[in-house]
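Please open the structure in a viewer and keep the selection panel at hand. The tour below moves from one selection to the next.

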Amino acid sequence: MKTIIRHLFTFLVFFPVLLKAQDQAIHTVFTFKIDEDIDPAMNRKVKLALEQAKEESADLIIIEMDTYGGAVNDADDIRTMILESSIPIYVFINKDAASAGALISIASDKIFMAPGGSIGAATVVNGMDGAAAPDKYQSYMRSMMRSTAEAKGRDPKIAEAMVDENIEIEGISEAGSVITFSVSEAKKYGFCDGEYISMDQLIQDQNLSDANLISYQTDFTEKIIAFFLSPAVSGFLILIIIGGIYFELQTPGVGFPLVASLIAVVLYFTPYYLNGLADNWEIIVFVAGIILLALELFVIPGFGIFGILGITCILSGLVLGMLPNENFDFEFVPASELFAALLTVILAAIASVGIVFWLTPKVNEWKAFSAISLAGTQQKRDGYTSSFYSDSLQGQKGIVHSRLRPSGRVEIGGEIYDAYSRGEFIDKGEPIIVISTEGTSLKVKKSEA
């Protein structure tokens, strides 16, 4: 009887614990990859993936990591999202988690690695030549690595030594080199919780085989955004933007070129804006360029400083919108991205100018265009003339009635006519001869008496 009572008591004590453990069982596992540079696009991808995991009521998130790093500001955003996640997050490093990748990995609840994997080397470098960035950036990265390791119960000194080559840890690192752990080293010092050859083995070993596995899928909207981020598509949109602006300025009131240009502007800037590349001020620079160019063409005579500034602002806005710069700080913009942006915009601008010059003479021949514009011509053979006077006056001689300087009046056959010379001054009474009757004044030159 005592035995039965003891077993019953044990059951009553531990039954709530068993129910709680059952409630905490992992039913849904959400997975996605960080397998490219850490940049605004990856920042957006992680944000969308974590939102989707929450919508799917995931009990666990596993990130498959393979990156050499990237932008510090985007890495900080991703790190913060992982630290603040209400869903546990594991990282499987397959094969590299360098620099920003190391920071993101350390922010996770558990780190697993594939054979041959590595984690560390988090020194901040600039994007132009790969040299170490100034100490203020290193100090910021050291602080993030240290605080992130502390938050997850990992050695903050080791995390800091992954950034700073001057930190020496006995038995682990020497001064002059930053820490980069292999799998065995990471396991030894608490930066790896297990080694697995694949995600499948990790899931099986962690007793997740019965869970519902959901992988992040890019939705249709994101696929469209990715399409418009292509340099070829961006270049084509720039061609439409510049060509549309030109034709609208040449034929004000038509409307279609302006509409085409506005649509191209929206399609160009929206994907870059959503991915955190194009800032508000960069779009404002582009719009300011349009305004300056319009002022130059319609308000201020000639073509001068406003026109040059307008074109510069337009091209600058298009280039800056493609780059992950922070205001005017391009230190962490990779040289390849800067070159690609400049090349895309310059080639598209040159192509649009070439097409404009090739297309302009042909526009009036289009039947569709003739319906919305005055494309007719008045031929001389049909009786049309640009002359205010009869052609019979050409070659006639007369005298200057009032001094030509270079315009004035002449007398021919007892009649007074408005006239102008080819630039020379001709005094009153001097003989002249008519050399052209086009326009409202006769064109004359000095004649022998």
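Begin by selecting strand 12 (residues 431–436) and strand 13 (residues 442–446), which pair in the antiparallel sense over four bridges. Strands (E, at least two residues) and helices (H or I, at least four residues) are DSSP runs numbered from the N terminus, and two strands count as paired if DSSP finds at least two bridges between them. This is a predicted model, in which local features need pLDDT of at least 70 and side-chain atom pairs count only at pLDDT 80 or more, while totals for chains, interfaces and linings use all residues. Residues are numbered from 1 along each chain as its sequence is written, and side-chain values use heavy atoms, with hydrogens and water left out.

Within this pair, select Ser-436, whose bridge partner in strand 13 is Lys-443; then select Ile-433, whose bridge partner in strand 13 is Lys-445. Next, move to the turn: strand 12 and strand 13 form a hairpin with five residues between them, and Gly-439 in that turn has a positive phi of about 85°.

**The nonpolar patch**

Select Val-287, Ile-291, Leu-295, Leu-297, Phe-298, Val-299, Ile-305, Phe-306 and Leu-309, which make a nonpolar surface patch of about 800 Å². The elements giving two or more residues to the patch are helix 12 (280–298) and helix 13 (305–320). Helix 12 gives the most, with five residues. Patch residues have over 30% relative accessible area and no salt bridge, and nonpolar side chains are joined within 5 Å; a salt bridge is a side-chain nitrogen of Lys or Arg within 4 Å of a carboxyl oxygen of Asp or Glu. Accessible areas come from the Shrake-Rupley method with a 1.4 Å probe.

**Exposed and buried residues**

Is Ile-305 buried or exposed? Ile-305, in helix 13, is exposed because its relative accessible area is 53%, where exposed means over 50%, buried under 20% and partly exposed in between.

Finally, select Asn-325 in the loop between helix 13 and helix 14 (335–363). Asn-325 counts as buried because its relative accessibility is 3%. Show Glu-282 as well: the side chains of Asn-325 and Glu-282 make a polar contact (3.2 Å), that is, a pair of N or O atoms within 3.5 Å, one able to donate a hydrogen and the other to accept it.

Technical notes: Patch = residues over 30% accessible without salt bridge, like charges linked within 9 Å, V, L, I, M, F, W, Y side chains within 5 Å. Buried < 20%, exposed > 50% of the residue type's maximum accessible area, 1.4 Å probe, protein only.
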